[in-house]
Every structure is written in structure tokens, then in C-alpha cells.
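Dear colleague,

My notes on it follow directly.

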Amino acid sequence: MTILVTGATGFIGSHFCVQALQQGLDVLLLDNLENSSLKVLDAIEQVTGVKPNFIEADLRDKSQLTQIFSVNKIDSVVHFAGYKAVGESATNPLMYYRNNVAGSINLLEVMKEQAVHKLVFSSSATVYGEPVFNPYTEEHRKLPFNPYGQTKSMMEDMMADLCKSDSQFSMVALRYFNPIGAHPSGKLGEDPKGIPNNLMPYITKVAVGELAELGVFGDDYDTVDGTGVRDYIHVMDLAEGHVKAIEYLNNHKGYEAINLGAGHGYSVLQLVKAFEDVNQVKIPYVIKPRREGDLAAYWADATKAEKLLGWTTQLTINDMVRDSWAWQSRNPKGYN
Ligand code: NAD
Ligand code: UFG
């Protein structure tokens, strides 16, 4: 039975495909390569010994999707494809709604038409918005404050409504906290185009000498050292959470939203120090003003994932910084 993986050559999708192939799952990889490279397929093959089946396709083209579902025996879908830059979503919201919402509607419609009922979706902790309490449980109110977060929240609502309308569906939205790290082989990792927005790829680009110094966005938050606190999760732990979610879907109907996080937070400076200590590389940094739209601190209550999926994180912050650096130092230009 085939699992269709959308966004399969992206950062998280590629790590999931490795994990799935190594556990003997049959995956069909789909991506439009807008934010990833065909070279990812070679890396997956090198790590797993399996040549992945790949289709270049765009979710915004429904006829293409229909064709793919008609010729393949698809049993379930893991849906990673989409845009993810918070700032860009504020300057170009329609592009985000078109891809993340309209593209996802195409997928849901084709799934319904072709009687494919199981879906795992990449949601985000960003759906919660300003924390009313910490850690966030799944019952925390949803109030995303940027278009990117809105697209995730809207997709979650569509999934919940679809499951209510038809009891054959089983769907899980996984709300990721902050994925970092890379495959321990150093052959797969995060490869953002241009100057990274996110903290970890910025740190590794400073470490490799491509960027001069890290800007730390604010040191006057009410946190342990004044810098922002997040729940960092190793991408391999995250990938395994998806394997567990597929197992869960095989035995349960209906809709669930589930946090995937480690359950504790680290500040920006704690992450920098862990990186320096583990890798013996200095990261010069300067304190900059707060970044607009940033929250001071949040982390996950991950007990629902443990209860429903039998999943908890296994890897530590030291594993995350070691593997991020192994990837970047061996591939200073990413996949190029
Ligand atoms: P990524 O950009 O590396 O991967 C997304 C992939 O989707 C890319 O390979 C891109 O080419 C592809 N894609 C985009 N639009 C497409 C379309 N219309 N048709 C086909 N392919 C398309 O991002 P990622 O970090 O791997 O994130 C995967 C998912 O997880 C995204 O939905 C993202 O919003 C979500 N997420 C990511 C984070 C994070 O910090 N990385 C946090 C929370 C949620
Ligand atoms: N930060 C810096 N300097 C940088 C980049 C980030 O100090 O150059 C700080 C931020 O201010 C924040 C922390 O590092 O305190 C983490 O920032 P990231 O940009 O790495 O991540 P965010 O928490 O802002 O957001 C990420 C993804 C979102 C996702 C969210 C889920 O970008 O898509 O995690 O928790 F929704």
C-alpha cells in the first residue's frame, strides 16, 4: 500500500522518506521542486539503498493530482508541501492562501473522489498565537496572527469538517514546534535559499563562514537570559512522529490535532552555547532589536502525542546541534 508524500524533497519531507523507507514503507514522493532539489533523491538513495519513486507535480494543478491518484494504489497521504516563510506570508498573503489552502483543497477533493481516507498534515505551533498559558496543550485557543499561521489553521478546520461529514476519514494534523538537526549521516539536511530566516540555519552559515555574525533578536524578553525561548525538536524525531501517526490512522477514524515537540524550551543563547560547546566552533553574535511578530517564549505539552501515538522525542539538543553542523560542514553549499 503506497503512501503519497507531498513536499517530499523538502527539509522535513526528505527526512520522513528516509525514516519510512528504512522501516519498509512504500512511499511515492511528490514535489514541484520550487524549494528543493532533485539531488535530495540521490541522498535518500545513498542513505537507504532504495531508489525513491518520484513525481514532479504541483498541488495547485488538480488534473495532475487526479492522474497521479488514478494510476497509483495510494492508501494514505503525508502532506508536507507548502510555503513556510512567515514574513513573506504577510507581504504576499494571496500566494500563501493559493498554495497552502487552495492546493490543499485540491488534495482533499481528489482524496475524497478517489476514496483515499487517511491523511497526516504538517501543521505548526504558530496556529496558537500569543500564549494564554505555557506549555501549549492542543486545547489552547487558536489565534494565528500571520497569514501563514492562518493557512495552517484553515487546513486543520477543513480536515476536521471533512472527518465530521464522512466517518470513513481519519486525519491527523501534527503541530510542529521548531524542527532543527539533520540526518546523522550528514547527507541530508536543511538547505534554505538565500539568507536564512530561521535560527539554526543562520547559526550554521555563520559557523561555515558564509555569514559574519548572528543577530540575536532581542535580549529583553522575560526569559532565562532575555532571549526568545522555543521548543527545538530533532527532524529525525519529527520524522518518526509521522510514521507513528500513520500507524495510528490505520486503527482510528476521525480527526486529531497533536503537538510534536520536546516539551521544554531553550533560549537563543542556550542554543548558541550548545552549538559552540558540542562542535567547538565559535559563533560571533550581536544583540539586535526584537523581530516584529516574535513571541517571547513557548513550548509544547507533548503528552497527547505520547498517549495517542506512543511517541516521545529521543534526541537531545546536543544531538540537534551536532547533526546540523555535520550536515552544513560537509555540505557548505547545501545540495549544490
Ligand atoms: P520545505 O520548503 O523544505 O519543504 C516543502 C516542500 O514543498 C518543498 O520541497 C517545495 O518545493 C514543496 N512545495 C511547495 N509548494 C508545492 C506545491 N504546490 N506542489 C508541490 N510541492 C510543493 O519546508 P519544510 O521545512 O520541509 O516544511 C514542510 C512542512 O512543514 C510545510 O508545510 C511547513 O509549513 C511545515 N512546518 C515547517 C516548520 C519548520 O520550521 N520547518 C515548522 C512548522 C511547520
Ligand atoms: N532568532 C534570532 N536570530 C535569527 C533568527 C531567529 O535571534 O537570525 C530567534 C527568534 O527571535 C526566535 C528564535 O530565534 O526567538 C527562533 O526563531 P526561528 O525563526 O528559528 O523560528 P520561529 O519560532 O520564529 O518560527 C518557526 C518557523 C515557523 C513555525 C514555528 C513553530 O519559522 O514556521 O517555528 O514553532 F511555525
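Which helix gives the largest share of the lining of the second largest cavity? Helix 6 does, with three residues. Helices (H or I, at least four residues) and strands (E, at least two) are DSSP runs, numbered from the N terminus.

This is a predicted model, in which local features need pLDDT of at least 70 and side-chain atom pairs count only at pLDDT 80 or more, while totals for chains, interfaces and linings use all residues. Residues are numbered from 1 along each chain as its sequence is written, chains are lettered from A and ligands numbered from 1 in the order in which they are written, and side-chain values use heavy atoms, with hydrogens and water left out.

Cavities

A cavity is a set of points, on a 1 Å grid over the protein atoms alone, where a 1.4 Å probe fits but cannot get out; lining residues have an atom within 4 Å of a point. Grid points are joined across faces, edges and corners, and a volume is the space filled by probe spheres set on the points. Two cavities of 30 Å³ or more are counted by this rule.

The second largest cavity holds about 30 Å³ of space. Its lining consists of A81, N100, S104, F121, T151, K152 and M155, with helix 5 and helix 6 (147–165) as the elements that give two or more residues.

The largest cavity has a volume of about 80 Å³. Among the residues that line the largest cavity are F11, E190, M200, W327 and Q328. Helix 7 (199–207) and helix 11 (317–330) each supply at least two residues of that lining.

Helix 3

In helix 3 (residues 62–71), L65, I68 and F69 are buried (under 20% relative accessible area, with exposed meaning over 50% and partly exposed in between, for a 1.4 Å probe and protein chains only). These buried residues fall within an arc of 95° seen down the helix axis, so they line one face of helix 3; the arc is that of the directions from the helix axis to the C-beta atoms. S63 and V71, on the other side of helix 3, are exposed. The cover over the buried residues of helix 3 includes strand 1, strand 4 (74–79) and helix 5 (93–113).

Residue A8

A8 lies in the loop between strand 1 (2–6) and helix 1 (11–22). A8 counts as buried because its relative accessibility is 0%. Leaving aside residues up to four places away in sequence, A8 touches G13, S14, C17, L29, L30 and D31, where contact means heavy atoms within 4.5 Å.

Yours sincerely

Key
1 Å grid on protein atoms, 1.4 Å probe; cavity = no way out; pocket = protein on both sides within 12 Å on 5 of 7 lines; lining within 4 Å.
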